[in-house]
Every structure is written in structure tokens, then in C-alpha cells.
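Please look through the structure below before reading my points.

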Amino acid sequence: MRRWVSIVLWCASALLLAGLSASFPPEHTGVFTREAVAADHAAASRAGAEILAAGGNAADAAAATMLALGVVNPASSGLGGGGFALYYCAKDDSLTFFDFRERAPRAASRTMFDGDAERPDGPASAPSQLGGLASGVPGEAAGIEALISRFGSLSLREIVAPALRLAEEGFEVSDALAGMGSAFETQLRGDPVMGMWNLQAGATLRRPSLARVLRAFADAGAAVIYGGVIGQEMVAAVQKQGGVMTLQDLRAYRVRRREPLETTAFGHRWVTAPPPSAGGFTMIQSLSILERAVGPAPNYGAPLLHAMAESWKGPFLDRERYFGDPDQVILPLDKMMGAERIAKRAALAAEGTAQPSAAYELPVEWAGSRITTPDNAGTSHLCVVDAAGNVASVTTTVNLPFGARFTAGGVVMNDEMDDFASEIGKANAFGLPGGARNLPGPWKRPVSTMSPTIVFDNGGPVLCVGASGGSRIVTATQQVAMNILLHGMNAGEAVAAPRIHHQGVPQTLQVETVAPLDSALQDELRARGHHIEPIYNIGTVQVIQIQRSPDRRIYAASDPRKGGRPTGH
Ligand code: DON
């Protein structure tokens, strides 16, 4: 709990340093007729749009945007991290979900973080958060390769080009990066690459060592990391920092294609991330509960906000109790989504006052509670819509800002191991208590909240949406989607609007100070028994709304909370 509070404070102070205010300027939105990219950094959106203009499709552009994000916002994502991509292919009306999440090294064990205390090394300094043991085997390069080999149309060299240019020629340090840099300054100073960076807002930053890695990736593909020379450097850097990752771990890494989760709610088909994300499950369960609790067309107001807060309590408890890597634990998803269980939770959510989280527990019984073992044994969301109607919804992460806060060949290494339960019941950086099924283990993927989502009506996709923000990813994503689909806001308004968050434990309803919820609404929620806790912001959301008639229009918005800008044509 203490760790969580402090993470929120660092991130808040980082954004405060970035000088954001509640009155967001309108530049975070754009209206286009052909195609668009919404990322949380203008240069990354431009990189994707450049690829679209060169004839690339949404897969090519998403890959280019991911690579550019890794250059211009090393606090949030990059080749040392991993993520999830949900891709809609218009030609055959198909959906494909790529899981390129980091996984634990083979030498990881359930007890590897037992008794580890936060060290007096500044923020986020527990061994699952800082240094070599914190890094999972990265999946980003493999994910990019899987996405473009299946759906892309341009060469890897063409796709890497905009990111390589940014790394070689330099880019302007954003307010958000400067804020993060300042919050983690002492730790960054200890790294030979990051320690040399000038992270003043507006300064030009070049990344020659990352440019070398990008060139190697463009020439030889992901193999250069998964066993090749860059991989060898990565393993050496991780081991120097006390980690246990080996070249075999990199060689054995595999992207998984999974069936996305989906539900029909509020007149739309919502498609989102399956396990190891618990975010997608939280969203579809919340939507199903809400539809029953408040009816099919609720107005924006205290009754809806109250029911929404209540709807998240049960799924967050389920996350702790049942979720783990679906390749290693059996998840009783059908039982968790059972109609009777949803009806019970909806009835509780329809009560006028806040219920204790435990009331939503409703344990499920299932035969497969066995925990299996394998045979051998910082975050950014982007949306792309192209002229052919393909849609890419991608969330990519190094977990906490600047990941484990060391680099390997200029690549910032993730600290995704903190998404495991370091001990049963112990909270991670986002206050999510760890469950037994999410303890670390060989080649296991940690449970995530990342929820890249695409929403459809009968005629096709209408929304691409997702977020960064730890446990708040799913609640932020869901609210922005509902703002558009239920409350008639445009993309820019939907992203800028105030958000709330509840994750069951602790029993507090968070509201934003950067976009304050109307005070009368706050009073009403207090009167319903919610303990209101202000925090600076709840997630960073990118969204693209697709209008098919009367004319094709693409409304794109990047979250003004992080200063992103969309681009398109
Ligand atoms: O996978 C997850 O849920 C986390 N690693 C996401 C972390 C995150 O969003 C941090 N950023 N703001």
C-alpha cells in the first residue's frame, strides 16, 4: 500500500512538473478523412502517419509508432519491454490478438522476491522494480515482427526508418519525459547511457546507442535480440545488474496469439485483451454488470458513476484470486462470467450506497484449480486506423517509468517482474495485491491490466481505445469509450473529461485533480458511502472514433494529460 501511494505521488509530481492544467488546449484532437494515428507523443504519431503516407497499412504504422515511442519516450516503452496488440483486418473482417508480454527468466521462482524490502535507493527500488532481477524477458521486438509478418506490407527497414531518424538526429524532450526524468533523476544518473541524458524540457536528445540497435534490428530482424549479438549484450547487462536472464531465455521467447475476450453491451460489440491481462476481463464484466444495474441507456451522473465504481470491485477481487499466466494456470473464465454471478453483482451495484468490496467476492468452484508448470520449463497506448479500414490497438510497456532503470546497449530494460505477486497478498506498485496463481515462475507471464480494445457496431469498427496507467488502465479506457458511445461526447471531449477509479482494495474512490469531477457529483458519491481520494490523474488514454456515414470521418485524440498529439490525413 505504501509503495503504491508513493508511485502515484511520483507519477503525479512528474506530470505536475510537466505543467499540465485542468483546462486542456484543443490540440490533442484531430479530424481526418482517410487515416489517423493517436499516440502519446506527437513525434510518434507523425512516425506512424509517415508510414501510412508511404503506403503502409495499420500494422506497419503501429509498428513504426511503437518503435518511435521507444525512442522519444524511453520512460514508457521500448525494445526492452513488451505489450499487447489487437488487430482488425478489414479484408476478411478478422481480429487477431498478439501477446508479446515479457515473461520471467527460466531461473525465476515463486520465492525469488520473498522478504525483499524496498531499498533506500529512491522511488520504486524494491528488487522486483529496480535492477536486473526486475526485468522480464522482453517481447517488444518479437511482437513487432509478428504483427508485421502477419499483416504488414512494407519492409522492416522502411518501418524502422522514422524511429532511427529520431534516434540519430535527435528529438525534443517532452514535458512529460522531463517530469519523469526529474522524478527518477538519482537512479538514472547511475546508468552510463541514461546518466548522460539532458532531460530538460525542450532540449534535443540524441540516442546513438539505440540507433545502433535499431539499425541491427532493421537489418537482421528480431533474431538479433533473440539469440543474436544485441541479445548477448542484453543478457550481459541484466546479469551485471544482478539478474538471472540468459541467452536461452531470449532464444526461447515466443509471441502468443490468443483469442480476444468480447461481450455485447450498450448496443455494441466490445473486443479486448484476454489473460494474461485482467484488464479486458474487468472491462467486459463491468459492462455486463452496468447494463443490468443501470439499464441500456444511462445518463451521465452520480447513479452511473456510483454503479461503475461498484462494478469494478468484484473483477478486481477475481484478479487477485484467479488470474495468472493462462499458459501455466487454468482460468475459470466461463464461471467467472456466469450469468447468475453477474446478476448478483449487478443487484449489489444497483443498491444506492457503496458496498464493502468483500460483498462482491462470490467465489467460483471449478475442477481445474491445479497450477500447471510448462513442459520445459512505464506503458503507452496507440491507435491506428488506415484508409482500408484496418485498426491497430496497441499497448506497450516497460512497467514503471524507465523500467528497471538500467540500459542494455541503449535499450531501457523493463521491470515487469513487479507485475507478479512478489509474495502472496503483498501489493505491487499499483496497489494490486498478489495472488498465489500470479507468483513468479519459469517462463511465466505476469498478470497485466493492459486493455487494448476495439468496439464495433453492426457495420464494423467504431472505436479504437486503450490506456496506460497501471491498474487504472482499464477503468480509464472504459470511461472514455462510454463517454463517446453512451454520452455523445466527441473523441477530444471524451478523453479530456474527468475520470474516476475504484479497484476494490483499498476501499477508496479516486477522482482526478487535473480534471476535477463536478463537486456536486463528488458530494453525491460521498453521500452514497464512497470514500473519495483525489489523485492527479487516472490513466493516459488514446482513442480514435470512426464515423462511416454520412461521410467518412476519423476523430482522433491523444490524452492531454501526457501532452500527446494525433496525426492523420
Ligand atoms: O501490464 C501492466 O498492467 C503494467 N505493467 C502497466 C504499467 C503502466 O501502465 C505504467 N504506466 N503508466
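1. Start with one term. A residue is buried under 20% relative accessible area, exposed over 50%, and partly exposed in between, using a 1.4 Å probe and the protein chains only. At 9% relative accessibility, Thr379 therefore counts as buried.

2. Next, the ground rules. This is a predicted model, in which local features need pLDDT of at least 70 and side-chain atom pairs count only at pLDDT 80 or more, while totals for chains, interfaces and linings use all residues. Residues are numbered from 1 along each chain as its sequence is written, and side-chain values use heavy atoms, with hydrogens and water left out.

3. Now the whole chain. There are 17 helices and 21 strands. These are DSSP runs numbered from the N terminus: helices are H or I with at least four residues, strands are E with at least two. The C-alpha atoms fill a box of roughly 60 × 55 × 45 Å, taken along the principal axes. Of the 569 residues, 66% are buried. The chain exposes about 18700 Å², and carbon and sulfur atoms supply 51% of that area. Accessible areas come from the Shrake-Rupley method with a 1.4 Å probe; for residues, only the protein chains shown count as cover.

4. Look inside. A nonpolar core is a set of buried Ala, Val, Leu, Ile, Met, Phe, Trp, Tyr and Cys residues joined through side-chain atoms within 4.5 Å. The largest such core has 154 residues, and Leu214, Phe402 and Ile544 have the most contacts inside it. Helix H3 (residues 58-72) gives the most to this core, with twelve residues. Another core, of twelve residues, lies apart from it; Ile284, Val329, Met336 and Val364 are among them.

5. Take Ile544 from the largest core. Contact means heavy atoms within 4.5 Å. Not counting residues up to four places away in sequence, Ile544 touches residues including Ala36, Val37, Cys383, Val385, Leu463 and Tyr555.

6. Turn to the ligand. Which residues come nearest? Of the 14 residues around it, they are Thr379, Glu416, Asp419, Ser448 and Gly470. To be near, a residue needs one heavy atom within 4 Å of the molecule or strand in question. By class, this shell holds three nonpolar, eight polar and three charged residues. Here Ala, Val, Leu, Ile, Met, Phe, Trp, Tyr, Cys and Pro count as nonpolar, Asp, Glu, Lys and Arg as charged, and the others, Gly among them, as polar.

7. Check the atom pairs. A polar contact is a pair of N or O atoms within 3.5 Å; within protein, one must be able to donate a hydrogen and the other to accept it, and residues adjacent in sequence count only if both atoms are side-chain atoms. A polar side-chain atom of Glu416 lies 2.5 Å from a ligand nitrogen. An N or O atom in the side chain of Asp419 is 2.7 Å from a nitrogen atom of the ligand. On the backbone side, a polar atom of Thr449 is 2.7 Å from a ligand oxygen. Taken alone, the ligand exposes 340 Å², and the protein buries 90% of that.

8. Return to Thr379. It sits in the loop between helix H14 (339-349) and strand E10 (380-385). Arg405 is buried, because its relative accessible area is 4%.

9. Inspect Ser471. Its place is the loop between strand E15 (460-468) and helix H15 (472-485). Is Ser471 buried or exposed? It counts as buried, because its relative accessibility is 0%. Leaving out residues up to four places away in sequence, Ser471 touches Phe316, Phe430, Leu432, Thr449, His501 and Gln503.

10. Finally, the cis peptide bonds. One joins Val505 and Pro506, with omega about -5°. Pro506 lies in the loop between strand E16 (500-501) and strand E17 (509-512). The bond from Ser549 to Pro550 is cis too, with omega near 5°. Pro550 belongs to the loop between strand E19 (540-547) and strand E20 (553-557).
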